[in-house]
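I opened this model to look up its overall build, its strands and a few residues. My notes follow in the order in which I looked.

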Amino acid sequence: MRYGYVTPNSWGLDDPRQVVDLAVRAEDLGIDSLWVSHHVLHRGFIGERLGRLPYHDPLTMLGVLATATSRSRLGVSVLVLPYLHPMPTAKALATIDHLSGGRLDLGVGVGGVREEHDAIAQVPWEQRGAYADEFLQVLGLLWTPGPSSFDGRFFSFADLEAYPGPFSPQGLPIRVGGHVGASLRRAVRFGSGWQAVGQGPDEVAAARRELHQMLEAAGRPTEGFTIEVRLHLDTDDLDVPRYRDRFDAYEAAGVDQLVLAPQTGDIDVHRRWLDSLASLLG
(Lines give C-alpha, C1' and ligand atoms only; values in the text may rest on other atoms or scores of the structure.)
Protein backbone atom coordinates (compact mmCIF):
# COMPACT_ATOMS: atom_id res chain seq x y z
CA MET A 1 0.00 0.00 0.00
CA ARG A 2 1.18 3.51 -0.81
CA TYR A 3 1.04 6.58 1.43
CA GLY A 4 0.31 10.19 0.58
CA TYR A 5 0.80 13.34 2.66
CA VAL A 6 -1.58 16.30 2.52
CA THR A 7 0.60 19.38 2.87
CA PRO A 8 -0.82 22.24 5.00
CA ASN A 9 -1.60 24.80 2.28
CA SER A 10 -5.02 25.03 3.96
CA TRP A 11 -3.82 25.66 7.51
CA GLY A 12 -3.01 29.37 7.65
CA LEU A 13 0.78 29.42 7.25
CA ASP A 14 2.02 32.94 6.58
CA ASP A 15 4.82 31.76 4.30
CA PRO A 16 3.82 29.20 1.63
CA ARG A 17 7.47 28.26 1.27
CA GLN A 18 7.08 26.41 4.55
CA VAL A 19 4.59 24.14 2.81
CA VAL A 20 7.16 23.47 0.10
CA ASP A 21 9.83 22.67 2.71
CA LEU A 22 7.54 20.12 4.34
CA ALA A 23 6.79 18.52 0.98
CA VAL A 24 10.49 18.14 0.24
CA ARG A 25 11.05 16.67 3.70
CA ALA A 26 8.22 14.17 3.17
CA GLU A 27 9.62 13.13 -0.20
CA ASP A 28 13.05 12.64 1.35
CA LEU A 29 11.45 10.39 3.98
CA GLY A 30 9.94 8.20 1.25
CA ILE A 31 6.35 9.44 0.90
CA ASP A 32 4.68 8.21 -2.28
CA SER A 33 2.56 11.28 -3.04
CA LEU A 34 2.11 14.90 -1.99
CA TRP A 35 -1.29 16.58 -1.94
CA VAL A 36 -2.86 20.01 -1.57
CA SER A 37 -6.42 20.98 -0.63
CA HIS A 38 -8.84 23.34 -2.39
CA HIS A 39 -11.12 26.03 -1.06
CA VAL A 40 -11.47 29.61 -2.24
CA LEU A 41 -13.30 31.64 0.39
CA HIS A 42 -13.13 31.85 4.16
CA ARG A 43 -16.68 30.64 4.64
CA GLY A 44 -18.05 27.78 6.70
CA PHE A 45 -15.47 25.69 8.53
CA ILE A 46 -12.60 27.40 6.67
CA GLY A 47 -13.48 30.78 8.14
CA GLU A 48 -14.02 29.24 11.56
CA ARG A 49 -10.64 27.52 11.46
CA LEU A 50 -8.49 30.24 9.90
CA GLY A 51 -10.12 33.58 10.63
CA ARG A 52 -8.00 35.85 8.43
CA LEU A 53 -5.04 33.52 8.10
CA PRO A 54 -4.15 32.49 4.53
CA TYR A 55 -5.35 29.47 2.58
CA HIS A 56 -2.89 29.15 -0.30
CA ASP A 57 -4.09 28.39 -3.83
CA PRO A 58 -3.70 24.69 -4.64
CA LEU A 59 -2.71 24.95 -8.29
CA THR A 60 -0.08 27.59 -7.59
CA MET A 61 1.31 25.37 -4.83
CA LEU A 62 1.35 22.34 -7.13
CA GLY A 63 3.30 24.29 -9.72
CA VAL A 64 5.99 25.03 -7.14
CA LEU A 65 5.97 21.47 -5.78
CA ALA A 66 6.40 20.18 -9.33
CA THR A 67 9.83 21.80 -9.53
CA ALA A 68 10.83 21.43 -5.87
CA THR A 69 10.37 17.64 -5.86
CA SER A 70 11.41 14.92 -8.26
CA ARG A 71 9.93 11.55 -7.30
CA SER A 72 6.65 11.74 -5.36
CA ARG A 73 3.44 12.02 -7.29
CA LEU A 74 1.46 15.22 -6.84
CA GLY A 75 -2.27 15.64 -6.35
CA VAL A 76 -5.12 17.87 -5.28
CA SER A 77 -7.61 16.41 -2.82
CA VAL A 78 -9.89 17.50 -4.22
CA LEU A 79 -10.36 20.21 -6.86
CA VAL A 80 -13.90 21.54 -6.37
CA LEU A 81 -15.08 21.71 -9.97
CA PRO A 82 -18.15 23.97 -9.48
CA TYR A 83 -15.79 26.75 -8.33
CA LEU A 84 -13.91 26.72 -11.65
CA HIS A 85 -14.18 26.90 -15.44
CA PRO A 86 -12.76 23.96 -17.40
CA MET A 87 -10.88 25.90 -20.08
CA PRO A 88 -8.33 27.80 -17.95
CA THR A 89 -8.25 24.86 -15.54
CA ALA A 90 -7.28 22.47 -18.34
CA LYS A 91 -4.39 24.75 -19.26
CA ALA A 92 -3.17 25.12 -15.68
CA LEU A 93 -3.31 21.39 -14.91
CA ALA A 94 -1.53 20.37 -18.11
CA THR A 95 1.22 22.92 -17.45
CA ILE A 96 1.73 21.57 -13.91
CA ASP A 97 1.83 18.04 -15.26
CA HIS A 98 4.62 18.99 -17.67
CA LEU A 99 6.55 20.83 -14.95
CA SER A 100 6.42 17.66 -12.85
CA GLY A 101 7.37 15.30 -15.67
CA GLY A 102 3.98 13.60 -15.65
CA ARG A 103 3.55 13.13 -11.89
CA LEU A 104 0.17 14.84 -11.44
CA ASP A 105 -2.96 13.03 -10.20
CA LEU A 106 -6.20 14.99 -10.45
CA GLY A 107 -8.60 14.57 -7.55
CA VAL A 108 -12.03 16.09 -8.27
CA GLY A 109 -15.24 16.65 -6.34
CA VAL A 110 -18.42 18.70 -6.28
CA GLY A 111 -17.91 20.41 -2.91
CA GLY A 112 -19.83 20.31 0.33
CA VAL A 113 -19.63 23.80 1.84
CA ARG A 114 -22.92 25.44 0.89
CA GLU A 115 -21.93 28.92 2.17
CA GLU A 116 -18.83 28.99 -0.01
CA HIS A 117 -20.56 27.50 -3.03
CA ASP A 118 -23.41 30.01 -2.99
CA ALA A 119 -21.03 32.94 -2.57
CA ILE A 120 -19.03 31.89 -5.64
CA ALA A 121 -22.32 31.36 -7.53
CA GLN A 122 -20.76 29.64 -10.53
CA VAL A 123 -23.71 27.26 -10.76
CA PRO A 124 -26.75 26.54 -8.55
CA TRP A 125 -26.07 24.15 -5.68
CA GLU A 126 -28.50 21.52 -6.98
CA GLN A 127 -26.78 21.50 -10.38
CA ARG A 128 -23.18 21.11 -9.22
CA GLY A 129 -23.07 17.37 -10.03
CA ALA A 130 -24.25 17.88 -13.60
CA TYR A 131 -21.80 20.78 -13.93
CA ALA A 132 -18.94 18.57 -12.74
CA ASP A 133 -19.85 15.89 -15.28
CA GLU A 134 -19.73 18.37 -18.17
CA PHE A 135 -16.56 19.91 -16.77
CA LEU A 136 -14.82 16.53 -16.95
CA GLN A 137 -16.08 15.95 -20.48
CA VAL A 138 -14.67 19.31 -21.57
CA LEU A 139 -11.31 18.59 -19.93
CA GLY A 140 -11.08 15.34 -21.87
CA LEU A 141 -11.84 17.08 -25.15
CA LEU A 142 -9.37 19.91 -24.59
CA TRP A 143 -6.66 17.40 -23.70
CA THR A 144 -7.20 15.47 -26.95
CA PRO A 145 -5.12 16.61 -29.96
CA GLY A 146 -7.07 18.28 -32.73
CA PRO A 147 -10.17 20.47 -32.77
CA SER A 148 -13.07 19.55 -30.51
CA SER A 149 -16.69 20.61 -30.20
CA PHE A 150 -19.24 20.32 -27.42
CA ASP A 151 -22.87 21.28 -26.96
CA GLY A 152 -24.04 20.83 -23.39
CA ARG A 153 -26.11 22.40 -20.67
CA PHE A 154 -23.30 24.57 -19.25
CA PHE A 155 -20.70 24.67 -22.03
CA SER A 156 -20.97 24.97 -25.79
CA PHE A 157 -18.17 25.47 -28.31
CA ALA A 158 -17.01 24.43 -31.76
CA ASP A 159 -13.58 23.58 -33.18
CA LEU A 160 -11.47 24.57 -30.18
CA GLU A 161 -7.93 23.46 -29.47
CA ALA A 162 -5.70 24.04 -26.42
CA TYR A 163 -2.10 22.99 -25.83
CA PRO A 164 -0.23 21.56 -24.05
CA GLY A 165 -2.24 18.53 -23.15
CA PRO A 166 -1.11 16.27 -20.29
CA PHE A 167 2.46 14.97 -20.25
CA SER A 168 1.34 11.42 -21.01
CA PRO A 169 -0.76 10.60 -24.09
CA GLN A 170 -3.01 8.60 -21.73
CA GLY A 171 -3.98 11.84 -19.96
CA LEU A 172 -4.13 12.65 -16.26
CA PRO A 173 -5.19 10.01 -13.74
CA ILE A 174 -8.49 11.23 -12.26
CA ARG A 175 -9.55 10.33 -8.71
CA VAL A 176 -13.17 11.15 -8.00
CA GLY A 177 -13.54 12.08 -4.34
CA GLY A 178 -16.54 11.71 -2.10
CA HIS A 179 -18.68 9.24 -0.26
CA VAL A 180 -20.80 6.62 -2.00
CA GLY A 181 -23.60 7.17 -4.52
CA ALA A 182 -22.92 9.84 -7.11
CA SER A 183 -19.16 9.84 -6.56
CA LEU A 184 -19.00 6.12 -7.41
CA ARG A 185 -20.99 6.63 -10.60
CA ARG A 186 -18.78 9.59 -11.57
CA ALA A 187 -15.64 7.59 -10.84
CA VAL A 188 -16.76 4.74 -13.07
CA ARG A 189 -17.68 7.13 -15.88
CA PHE A 190 -14.70 9.48 -15.78
CA GLY A 191 -12.10 8.28 -13.31
CA SER A 192 -9.14 6.02 -12.98
CA GLY A 193 -9.87 5.72 -9.27
CA TRP A 194 -11.98 6.76 -6.30
CA GLN A 195 -10.87 8.65 -3.19
CA ALA A 196 -13.01 8.09 -0.13
CA VAL A 197 -13.05 10.70 2.64
CA GLY A 198 -12.70 9.31 6.15
CA GLN A 199 -14.59 6.05 5.67
CA GLY A 200 -13.57 3.05 7.75
CA PRO A 201 -12.12 -0.15 6.28
CA ASP A 202 -15.45 -2.03 6.22
CA GLU A 203 -17.19 0.85 4.42
CA VAL A 204 -14.39 1.09 1.89
CA ALA A 205 -14.40 -2.65 1.27
CA ALA A 206 -18.14 -2.53 0.55
CA ALA A 207 -17.72 0.46 -1.78
CA ARG A 208 -14.86 -1.31 -3.55
CA ARG A 209 -17.09 -4.32 -4.24
CA GLU A 210 -19.80 -2.02 -5.58
CA LEU A 211 -17.30 -0.16 -7.75
CA HIS A 212 -16.01 -3.39 -9.24
CA GLN A 213 -19.55 -4.46 -10.09
CA MET A 214 -20.21 -1.08 -11.71
CA LEU A 215 -16.96 -1.20 -13.65
CA GLU A 216 -17.71 -4.66 -14.98
CA ALA A 217 -21.22 -3.58 -15.97
CA ALA A 218 -19.70 -0.62 -17.85
CA GLY A 219 -17.23 -2.89 -19.64
CA ARG A 220 -14.23 -1.42 -17.81
CA PRO A 221 -11.46 -3.49 -16.20
CA THR A 222 -11.18 -3.44 -12.42
CA GLU A 223 -7.42 -3.94 -12.55
CA GLY A 224 -5.64 -0.62 -12.26
CA PHE A 225 -8.65 1.22 -10.83
CA THR A 226 -7.21 2.87 -7.72
CA ILE A 227 -8.93 2.94 -4.33
CA GLU A 228 -7.70 5.69 -2.01
CA VAL A 229 -8.81 6.98 1.38
CA ARG A 230 -8.12 10.45 2.73
CA LEU A 231 -7.74 10.31 6.51
CA HIS A 232 -7.66 13.33 8.83
CA LEU A 233 -5.25 12.47 11.62
CA ASP A 234 -4.76 13.74 15.16
CA THR A 235 -1.14 14.90 15.33
CA ASP A 236 -1.05 14.39 19.10
CA ASP A 237 -1.27 10.67 18.47
CA LEU A 238 2.17 9.35 17.49
CA ASP A 239 1.60 5.74 18.46
CA VAL A 240 3.24 4.10 15.44
CA PRO A 241 2.18 0.50 16.23
CA ARG A 242 -1.45 1.63 16.49
CA TYR A 243 -1.13 3.45 13.17
CA ARG A 244 0.34 0.31 11.65
CA ASP A 245 -2.63 -1.79 12.80
CA ARG A 246 -5.07 0.80 11.48
CA PHE A 247 -3.31 1.07 8.14
CA ASP A 248 -3.07 -2.72 7.80
CA ALA A 249 -6.86 -2.89 8.13
CA TYR A 250 -7.23 -0.54 5.18
CA GLU A 251 -4.78 -2.54 3.13
CA ALA A 252 -6.78 -5.71 3.88
CA ALA A 253 -9.90 -3.87 2.68
CA GLY A 254 -8.30 -3.36 -0.74
CA VAL A 255 -7.08 0.21 -0.36
CA ASP A 256 -4.20 1.09 -2.71
CA GLN A 257 -3.21 4.36 -1.07
CA LEU A 258 -3.89 6.22 2.18
CA VAL A 259 -3.79 10.01 1.81
CA LEU A 260 -2.88 11.25 5.30
CA ALA A 261 -3.89 14.75 6.40
CA PRO A 262 -2.43 15.92 9.73
CA GLN A 263 -4.90 18.33 11.31
CA THR A 264 -2.65 21.21 12.36
CA GLY A 265 -0.94 24.29 11.02
CA ASP A 266 2.02 23.92 13.37
CA ILE A 267 5.14 23.37 11.24
CA ASP A 268 7.11 21.76 14.05
CA VAL A 269 4.30 19.30 14.71
CA HIS A 270 4.22 18.37 11.02
CA ARG A 271 7.96 17.69 11.13
CA ARG A 272 7.67 15.51 14.23
CA TRP A 273 4.69 13.68 12.76
CA LEU A 274 6.52 12.94 9.51
CA ASP A 275 9.66 11.82 11.31
CA SER A 276 7.72 9.59 13.70
CA LEU A 277 5.85 7.84 10.89
CA ALA A 278 8.81 7.55 8.53
CA SER A 279 8.96 3.79 9.05
CA LEU A 280 5.41 3.50 7.68
CA LEU A 281 5.58 6.15 4.97
CA GLY A 282 8.58 4.84 3.09
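For the touch lists below, I take contact to mean heavy atoms within 4.5 Å. The model is predicted.

**Entry 1: phenylalanine 225.** I began with what phenylalanine 225 touches. Leaving out residues up to four places away in sequence, I found Ala187, Gly191, Ser192, Gly193, Trp194, Leu211, Leu215, Arg220 and Asp256. Phenylalanine 225 sits in the loop between α8 (201–217) and β9. Is phenylalanine 225 buried or exposed? Its relative accessible area is 6%, and the cut-off for buried is under 20%, so phenylalanine 225 counts as buried. I also checked a distance to glutamine 127, which is 98 residues away along the chain. The C-alpha atoms of phenylalanine 225 and glutamine 127 are 27 Å apart.

**Entry 2: threonine 226.** Threonine 226 belongs to strand β9, residues 226–233. I read 9% relative accessibility for threonine 226, which therefore counts as buried. Which residues does threonine 226 touch, not counting those up to four places away in sequence? I listed Arg2, Arg175, Ser192, Gly193, Trp194 and Asp256. For phenylalanine 225, I had already noted Ser192, Gly193, Trp194 and Asp256 among the contacts.

Entry 3: Arg175, from the list for threonine 226, took me to strand β7, residues 174–177. Ile174 and Val176 point one way from β7, while Arg175 and Gly177 point the other way. I found all four of these residues buried. Which strands pair with β7? Strand β4 (residues 104–109) runs parallel to β7 and is joined to it by three bridges. In that pairing, valine 108 is opposite valine 176. Strand β8 (residues 193–197) also runs parallel to β7, again with three bridges. Here valine 176 has tryptophan 194 as its bridge partner. Between β7 and β8 the chain passes through helix α7 (residues 182–190), and I noted this β-α-β crossover as right-handed.

**Entry 4: hairpin.** I then looked at strands β5 (residues 148–151) and β6 (residues 156–160), which pair in the antiparallel sense over three bridges. The two form a hairpin, with four residues between the strands. Aspartate 151 has serine 156 in β6 as its bridge partner.

**Entry 5: nonpolar core.** How many residues does the largest nonpolar core have? I read 75, and those with the most contacts inside it are Leu106, Trp194, Leu258 and Leu260. Helix α6 (residues 128–142) supplies the largest share of this core, seven residues. In soluble globular proteins, nonpolar side chains tend to be buried together.

**Entry 6: whole chain.** I ended with the totals. The protein chain has 11 helices and 10 strands. Of its 282 residues, 52% count as buried. The accessible surface comes to about 12,300 Å², and carbon and sulfur atoms hold 50% of it. Among contacts with a separation of 6 or more, 72% are between residues 24 or more positions apart. The C-alpha atoms fill a box of roughly 55 × 45 × 35 Å along the principal axes. Why does the radius of gyration agree with a compact globule? With 282 residues, such a globule would have a value near 19 Å, and the protein chain has 18 Å, so I noted agreement.

Definitions and conventions. Residues are numbered from 1 along each chain as its sequence is written. This is a predicted model: local features need pLDDT of at least 70, side-chain atom pairs count only at pLDDT 80 or more; totals for chains, interfaces and linings use all residues. Side-chain values use heavy atoms; hydrogens and water are left out. Buried means under 20% relative accessible area, exposed over 50%, partly exposed in between (1.4 Å probe, protein chains only). Two strands pair if DSSP finds at least two bridges between them. A crossover is right-handed if, with the strands pointing away from the viewer, the path from the first strand over the helix to the second runs clockwise. A nonpolar core is a set of buried Ala, Val, Leu, Ile, Met, Phe, Trp, Tyr and Cys residues joined through side-chain atoms within 4.5 Å. The radius of gyration is taken over C-alpha atoms; the globule rule is 2.2 Å times the number of residues to the power 0.38. Accessible areas come from the Shrake-Rupley method with a 1.4 Å probe; for residues, only the protein chains shown count as cover.
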